[in-house]
Amino acid sequence: MEETPALLVIVDGANVVGSVPDGWWRDRRGAAERLRDRLAANGVPHLAERAEIVLVVEGAARGVSTVPGVRVEAAPGSGDDRIVELVEQAGPRPALVVTADRELRRRVSELGAEVTGPRAVRG
């Protein structure tokens, strides 16, 4: 009997970090690392335990490393484009994108992904 694939949760790092004015702009990489660590420790509340979490970073946050429980993808260009690519690569696997970006929400929804806002991971 085949096991159902884990839910793919793709987090728009720049959008989630930027959703709270806590001084993130002074240290974008540090803010992305704090988000990564929070995701690794807490996962995504109210989701199935079997979820693969991917944090997409861009710009000054590139260089943030993967840790157990969170794979970090550094977008070579636009973080939004990388997120769309990851949803496309997921194929029939269920995917959830965490972002408040309206255009990105539209793009990934058209590909069959579910979407939720930053509060889902910010607590």
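**Exercise 1. In what order do the five strands form the open sheet, and is the pairing parallel or antiparallel?**

Solution. The model is predicted. Start with the order: the strands run S3-S2-S1-S4-S5. The pairing is parallel. Next, find the edges. Strand S3 (70-74) and strand S5 (114-116) each pair on one side only. Neighbouring strands are turned by 25 degrees against each other on average, direction ignored.

**Exercise 2. Work out how strand S1 is joined to strand S4.**

Solution. Locate the strands: S1 covers residues 7-12 and S4 covers residues 95-98. Count the bridges: four join the two. The bridge partner of Leu 8 in S4 is Ala 95.

**Exercise 3. Classify the crossing of H3 and H4, then describe the contact.**

Solution. The axes come within 10 Å and cross at roughly 15 degrees. Angles under 35 degrees count as roughly parallel. Therefore H3 is roughly parallel to H4. The crossing is right-handed. Now list the residues. H3 contributes Asp 80, Asp 81, Ile 83, Val 84 and Val 87. H4 contributes Leu 104, Arg 107 and Val 108. Sort them: five are nonpolar, none is polar and three are charged.

**Exercise 4. Find where confidence in the protein chain is lowest and where it is highest.**

Solution. Begin with the whole chain: pLDDT averages 91, and 95% of the residues score at least 70. Helix H5 (residues 119-122) is lowest, at a mean of 86. H4 is highest, at 97.

Note on methods. Residues are numbered from 1 along each chain as its sequence is written. This is a predicted model: local features need pLDDT of at least 70, side-chain atom pairs count only at pLDDT 80 or more; totals for chains, interfaces and linings use all residues. Side-chain values use heavy atoms; hydrogens and water are left out. Two strands pair if DSSP finds at least two bridges between them. Axes are lines fitted to C-alpha atoms, for helices over the stretch in contact, and angles run from 0 to 180 degrees between N-to-C directions. pLDDT is the predictor's confidence in each residue, from 0 to 100. Angles under 35 degrees count as roughly parallel, over 145 as roughly antiparallel, 65 to 115 as roughly perpendicular and the rest as oblique. A crossing is left-handed if the near helix is turned anticlockwise from the far one by less than a right angle, and right-handed if clockwise. Contact means heavy atoms within 4.5 Å. Ala, Val, Leu, Ile, Met, Phe, Trp, Tyr, Cys and Pro count as nonpolar, Asp, Glu, Lys and Arg as charged, and the others, Gly among them, as polar.
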